[in-house]
Amino acid sequence: MMRIAAAVLAAASLALAAAAGAQQARPARVAAPVIKIEKGEACVAPADEMRRNHMKMLLHQRDRTMRQGLREPRHSLKGCVECHASRDTGSVLGKEGFCSSCHEYAAVKIDCFQCHTPLRQAPAAARRP
Amino acid sequence: MSPERRQFLAWGAAAAAGSALAPGLRLVELAQARSPEEAASKLQRWGLLIDVTKCGGCDDCVTACHAENGVSGHGRPETDAQWIRKLSIRDKRTGYAQTLPLMCQHCEHPPCVDVCPTGASFKRDDGIVLVDKHTCIGCRYCVLACPYGARSFIHEAVSGQKADVPRGKGTVESCTLCVHRVDRGETPACVEACNRDGGKAMAFGDLNDASSAIHRRLKGEASSQIRADLALNTGVRYQGL
């Protein structure tokens with residue numbers, strides 16, 4: 001009985017390994033996200049924490065800014081766009097946009113930019129001549 | 001820091017600054033200075049005082065408001081957003097005509113807040129009435145409830161918003177008293193434009209601050225609220241109506 005079980009396990013693991021090999025060989029159906037960091041040395045938190053928790057930070061800051069008038073730059077959406085907007089398009093959206101490429105890969109819809117601008121703002125000196 | 005202590009320190013700072021600068025100017029600036037880490041406070045109440053006798057035929061306040069907040073229309077006046085508008089009124093008997101700007105009156109008891117089913121329409125601690133578009137569902141109860149017709153609904157998709165003024169389809173919006181400018185210590189765009197290019201009819205300040213110019217004027221001169229019978233205690237007051 002034990003011998004049969006071991007054989008079944010071995011066969012299963014072989015099959016899994018083969019499947020993994022096939023997956024690697026086949027071109028991915030969804031393009032991997034393009035992550036270009038345009039500006040700055042480091043984000044406000046380590047990358048793995050940002051990937052997992054950026055939406056919580058934004059939600060927290062959103063309510064503080066809206067309801068209490070606390071405009072701390074640290075977790076503001078404006079701050080995200082300022083650093084992460086593409087150098088070519090000036091936007092975090094678009095084909096290689098910092099936000100949109102990951103969100104398309106993960107199939108998670110972003111609502112932020114229905115109201116907020118995805119564009120980096122011109123420097124203050126240029127805005128007010 | 002407790003509010004009492006903060007107020008005490010503010011008075012101390014005001015007294016210290018008083019010896020160096022001309023009165024009026026410094027006190028308004030002190031009242032407005034607030035760091036990004038400090039929340040809007042109940043000690044303040046922002047408001048406007050509009051002298052209708054000085055308001056002429058221009059619409060610089062409207063132009064400046066819409067430029068500052070990125071409000072643009074589609075050439076459809078019935079549905080385009082209006083944050084501020086110029087009204088023309090005329091006494092039918094005597095023919096005496098006046099013109100005045102009308103915007104959200106930033107009531108102490110705002111009907112738009114009472115009727116909002118999601119809590120999106122709210123009054124900030126410093127008296128500015130705002131719409132939290134994150135929770136606005138676009139039901140437009142507030143549009144109907146506002147006696148001043150100050151709220152607009154955004155019917156069409158928006159692009160090219162200002163970074164400080166997010167706007168989007170399916171939500172309601174109105175005058176924010178240029179809250180992003182007020183938080184930076186500046187005055188609203190309409191007031192700035194009126195005092196620069198217009199008839200110098202508009203003044204902005206803290207109604208609670210006994211040393212502010214607007215407080216002194218309200219105390220010393222006659223002023224009125226539009227629809228005072230509703231007892232909403234508006235933050236926008238008029239003179240010469």
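Colleague: What does chain A contain in the way of helices and strands?

Modeller: Chain A has 6 helices and 0 strands, where helices (H or I, at least four residues) and strands (E, at least two) are DSSP runs, numbered from the N terminus. Along the sequence this reads as α-α-α-α-α-α. The model is predicted, and local features need pLDDT of at least 70, side-chain atom pairs count only at pLDDT 80 or more, while totals for chains, interfaces and linings use all residues. Residues are numbered from 1 along each chain as its sequence is written, with chains lettered from A and ligands numbered from 1 in the order in which they are written.

Colleague: Which residues of α4(A) are buried, and what do they pack against?

Modeller: Phe98(A), Cys99(A) and Ser101(A) are buried in α4(A), the term requiring 20 or more other C-beta atoms within 10 Å of the residue's own, whereas 12 or fewer make a residue exposed and the counts in between partly exposed, with C-beta atoms placed from the backbone. The buried residues of α4(A) pack against α3 (77-84) of chain A. In chain A as a whole, buried residues account for 19% of the 129 residues.

Colleague: Why is Ala107(A) called exposed?

Modeller: Ala107(A) has 7 other C-beta atoms within 10 Å, and is therefore exposed. Ala107(A) is in the loop between α4 (98-106) and α5 (112-115) of chain A, and its phi is positive, about 55°, although it is not a glycine.

Colleague: How do you know that Arg227(B) is exposed rather than buried?

Modeller: The count for Arg227(B) is 12 other C-beta atoms within 10 Å, so this residue is exposed. Arg227(B), in the loop between α8 and β9 of chain B, also has a positive phi of about 55° without being a glycine.

Colleague: What makes β8 and β9 of chain B edge strands?

Modeller: The open sheet of 3 strands has the order β8-β1-β9 (chain B), with mixed pairing, and strands pair if DSSP finds at least two bridges between them. β8 (202-206) and β9 (236-239) of chain B each have a single partner strand, so one side of each is left without a neighbour in the sheet. Neighbouring strands here are turned by 20° against each other on average, direction ignored.

Colleague: How do you know that β1 and β8 of chain B pair?

Modeller: Strand β1 (residues 46-51) of chain B is joined to β8(B) by 5 bridges, and the two run antiparallel; DSSP pairs Trp46(B) with Asp206(B) in β8(B) as bridge partners. Helix α7 (residues 189-196) of chain B packs on this sheet and touches β1 and β8 of chain B, its direction making about 135° with that of β8(B). Helix α8 (residues 213-220) of chain B also packs on the sheet, touching β1, β8 and β9 of chain B, at about 110° to β8(B).

Colleague: Why is α3(B) described as oblique to α7(B)?

Modeller: Helix α3 (residues 60-68) of chain B and α7(B) pack at an angle of about 140°, with their axes 8 Å apart. Axes are lines fitted to C-alpha atoms, for helices over the stretch in contact, and angles run from 0 to 180 degrees between N-to-C directions. Angles under 35 degrees count as roughly parallel, over 145 as roughly antiparallel, 65 to 115 as roughly perpendicular and the rest as oblique, so α3(B) is oblique to α7(B).

Colleague: Which residues of α3(B) and α7(B) meet?

Modeller: Asp60(B), Cys61(B), Ala64(B), Cys65(B) and Glu68(B) of α3(B) meet Ala189(B), Cys190(B), Glu192(B), Ala193(B) and Cys194(B) of α7(B), contact meaning that C-beta atoms, placed from the backbone, lie within 7 Å. These residues divide into 7 nonpolar, no polar and 3 charged, where Ala, Val, Leu, Ile, Met, Phe, Trp, Tyr, Cys and Pro count as nonpolar, Asp, Glu, Lys and Arg as charged, and the others, Gly among them, as polar.

Colleague: How many residues does each chain bring to the contact between chains A and B?

Modeller: The contact takes 16 residues from chain B and 14 residues from chain A. On the side of chain B that touches chain A, the residues are 5 nonpolar, 3 polar and 8 charged.

Note on methods. Contact = placed C-beta atoms within 7 Å.
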